Amino acid sequence: MEVTGILFSCLIGLILILLYKLYLFISTIRQTYQLFKDAPGPKKPKPRALGSGYRELLPWIGEGLLVANGNRWSRSRRLLTPAFHFDILKPYTTVYNESAEQLIEQVSKYADTGESFELFQVISSCTLDVILRCAFSYNSGCQQSGNLLMANDFAFNLTRKGKQFRQHCKYVHDVAEEIINKRRKELNEKGVPTRRYLDFLDILLTAKDNDGIGLTNLEIRNEVDTFLFEGHDTTASGISWILYHLAKHPEHQQKCQDEIDEVDDLTKLEYLSMCLKEGMRLSAPVPGISRQLSQEVEIDGKKLTAGTVIIPFMHLLHLNPKIWNDPLKFDPLRFSKENIKVMDPNCIGQVFALNEEKVVLARFLQRFKLELDTKHILMKEFALISRSENGIRILIKERRG
Ligand code: HEM
């Protein structure tokens, strides 16, 4: 896995250097700290260069928070932060549980037949279901119909299917705009709803800056599309890889199941939380991000000029033997309370994601015992989101037959 990662980064690095200007991959804590220390948040601009990832996202998610720079980023971050407040996120636990229930219903047939099945696809439908309900209160039924609003591997296919990509973008934009217009009208006529939880769209439509100015329809559409992308493919990748690691390591799976059987409170699922973090260390859902230097910066004693694109490559950072002992070993205790140091992440959806992952994992493991399909050889793939080119296949059995 490590070798594939190194080869991948070298290859991409080479292509980018040839194609464009200087790209630099970094994979140690010191380098990452040197890059970000004087610039909390994405002040160092998200690059617009070819192959940087952000540029390719622009036609889809526009200048939403993930891609925005400078003042636009600061304003959007301020206006969006309330959408991730504890009180807003709390009722979503019901949504996570309902979607997890549907997921279990969908896959229980494989426990009856004993056939292996592809995990990423079903988990993706589940996380899309969750985000559509939390973003719009929209119950798409996508888990039953398998008809994802966007092709599941949308980002994955960016380069290969340009035309199809633009058609998908137009479709997603049209749907989003229709929903935004309808909801704006409802809010103007009836005010903020009291009979259901507030979803992200309610918050975005009512958010105002200090001058009393709210977000335009286009800005809202960009943020909603950003949530749909960042909020479903990432968690799908996280949950799928964690289940993969637990299927591979039955002793840790059993410990999680013992804990789930004993406690009924998400916050007390400590072993599961450690496995979740260890799974995301070994298989980072977002393998790398990038920044473009707005001024000269010194990294590892070398002066890098403004304009250089730096790629903090989390995949390699997570497998760096100078940071982690025996980095390829699945060892959840690395993330015990005593061991863990707190990082300052840029992801605004972090708490949302961790809660969703915990609920889906707990419900899945409560019901099923998992095993890897040993006939299936994984082909790990790093795109904007990490996945397996030929899927992840597992076998499940009912725990209480
Ligand atoms: C396992 C799940 C997730 C992972 C691994 C993840 C990872 C990340 C990473 C690495 C970034 C930084 C990108 C950069 O600075 O260039 C980021 C930013 C972001 N994430 Fe997540 N994310 C996850 C879930 C979510 C969810 C569920 C949402 C929304 C519902 C979300 C929304 C965002 C947004 C809007 C940003 C841009 C923040 C900003 O620049 O201010 N993410 N995420």
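In which sense do β7 and strand β10 pair, and over how many bridges? Select β10, residues 393-398, together with β7: the pairing is antiparallel, over 5 bridges. Before going further, note that this is a predicted model, where local features need pLDDT of at least 70 and side-chain atom pairs count only at pLDDT 80 or more, while totals for chains, interfaces and linings use all residues. Numbering starts from 1 along each chain as its sequence is written.

A word on terms: strands (E, at least two residues) and helices (H or I, at least four) are DSSP runs, numbered from the N terminus. Two strands pair if DSSP finds at least two bridges between them.

**The sheet.** You have an open sheet of 3 strands in the order β2-β10-β7, with antiparallel pairing. The edge strands, each pairing on one side only, are β2 (117-118) and β7 (368-372). Between β2 and β10 there are 2 bridges, again antiparallel. Click on Ile394 in β10: Leu372 stands opposite it, and Ile394 is also the bridge partner of Phe117. Then pick Leu395, also in β10, and you'll find Glu371 opposite.

**Across the sheet.** Next, show helix α12, residues 233-248. Helix α12 lies across β7 and β10, at about 80° to β7 (axes are lines fitted to C-alpha atoms, for helices over the stretch in contact, with angles from 0 to 180 degrees between N-to-C directions).

**Phe120.** Zoom in on Phe120, in helix α7. Is Phe120 buried or exposed? Phe120 counts as buried because it has 23 C-beta neighbours inside 10 Å; the cut-off for buried is 20 or more other C-beta atoms within 10 Å, with 12 or fewer for exposed and partly exposed in between, all C-beta atoms being placed from the backbone. Leaving aside neighbours within four places in sequence, its contacts (C-beta atoms within 7 Å) include Ala236, Ser240 and Ile392.

**The cores.** Finally, select Ile131, Ala135, Ile242, Leu243, Val360 and Leu361, which touch the most other members of the largest nonpolar core, 69 residues in total. Such a core is a set of buried Ala, Val, Leu, Ile, Met, Phe, Trp, Tyr and Cys residues joined through C-beta atoms within 7 Å. Helix α7 (residues 119-136) gives the largest share, 11 residues. Apart from this core lies another, of 10 residues, including Leu293 and Ile310.

Definitions and conventions:
Two residues are in contact if their C-beta atoms, placed from the backbone, lie within 7 Å.
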